[in-house]
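Please look over the sequence and the structure below.

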Amino acid sequence: MTLPTHQPPARTVLVTGAAGGLGRAFALGFAGRGYRVAACDLDPDGAEETARLVEAQGADAWHGRVDVTDPASTVAAAARVAEFGGGAIDVLVNNAAVYGTVTRSPLERIDPAEWDLVMAVNLKGPWLMTRAVSPHLPDGGRVVNLSSATVYSGSENWAHYVASKGGVIALTRVMAKELGRRSITVNAIAPGFTLTEASRGLIADAESYGVDRGALRRASRPEDVVGAALYLAGPDSAFVTGQTLVVDGGRQFI
């Protein structure tokens, strides 16, 4: 006699900045592992398209607009996603960021308004989103923040972006200590230059940019970064927290 198999209930992941680029890649990667996926973005049309792609893979999806700089918007989104997830949000991926539109300028010429915008989205956003999701995270939940390998290289003429992503690493460490009391892990990923729509818009020779500086002589693809997020969200990283995983093909050794 064949005994029935009991599949564990699907886990729920909330991905911010899910309308395209790395965010869409994260959403599809988690869908491929059987997660319910909540695709959240300031661009609701892009989030909806991501949700359709997730559903095409056979996974459950929800999509919605969220402004990660607005406390009320983050709280409302977290509550809606928790409802979609059957009362809980198992994994939060703080991916939303200002990147492709950031003006590269010497620090003396950075517009203070642009500095404030970059900090609001890239650093305040992960704090507000985690604060909103925290009540819905079960013991053993996961938070994955997106930093950048540019923090370690100190990329010139990009002080506001680099500083915001350096702040994400510091924030990750504090969150890990505070949320660790509930066995929730908080880690960061620091991707190198990755071939996304935004990156291709920034660099004309994106396919070859920086390739000669890496141990692996090819450009990074979004799928290269997705594996790190799946690891940090999965059971094999249960005792890893407060860490930053650099995914840049060996351009820098930290």
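Ile-254 lies in the segment that follows strand S7 (244-247); strands here are DSSP runs (E, at least two residues), numbered from the N terminus. This is a predicted model, in which local features need pLDDT of at least 70, side-chain atom pairs count only at pLDDT 80 or more, and totals for chains, interfaces and linings use all residues. Residues are numbered from 1 along each chain as its sequence is written, and side-chain values use heavy atoms, with hydrogens and water left out.

**Ile-254**
- Ile-254 counts as exposed because its relative accessibility is 67%, and exposed means over 50% relative accessible area, buried under 20%, and partly exposed in between (1.4 Å probe, protein chains only).
- Leaving aside residues up to four places away in sequence, Ile-254 touches Tyr-152 and Val-246, where a contact means heavy atoms within 4.5 Å.
- From C-alpha to C-alpha, Ile-254 and Tyr-152 are 8.0 Å apart in space, although 102 residues apart in sequence.

**Cover of strand S6**
- Strand S6 (residues 185-191) is mostly covered, with seven of its seven residues buried.
- In a regular strand, side chains alternate between the two faces of the sheet.
- In S6, Thr-185, Asn-187, Ile-189 and Pro-191 point one way, while Val-186, Ala-188 and Ala-190 point the other way, and all are buried.

**Neighbours of strand S6**
- Strand S5 (residues 142-146) and S6 run parallel and are joined by five bridges; two strands pair if DSSP finds at least two bridges between them.
- Asn-187 in S6 is the bridge partner of Val-144.
- S6 and S7 also run parallel, joined by four bridges.
- Val-247 in S7 is the bridge partner of Pro-191.
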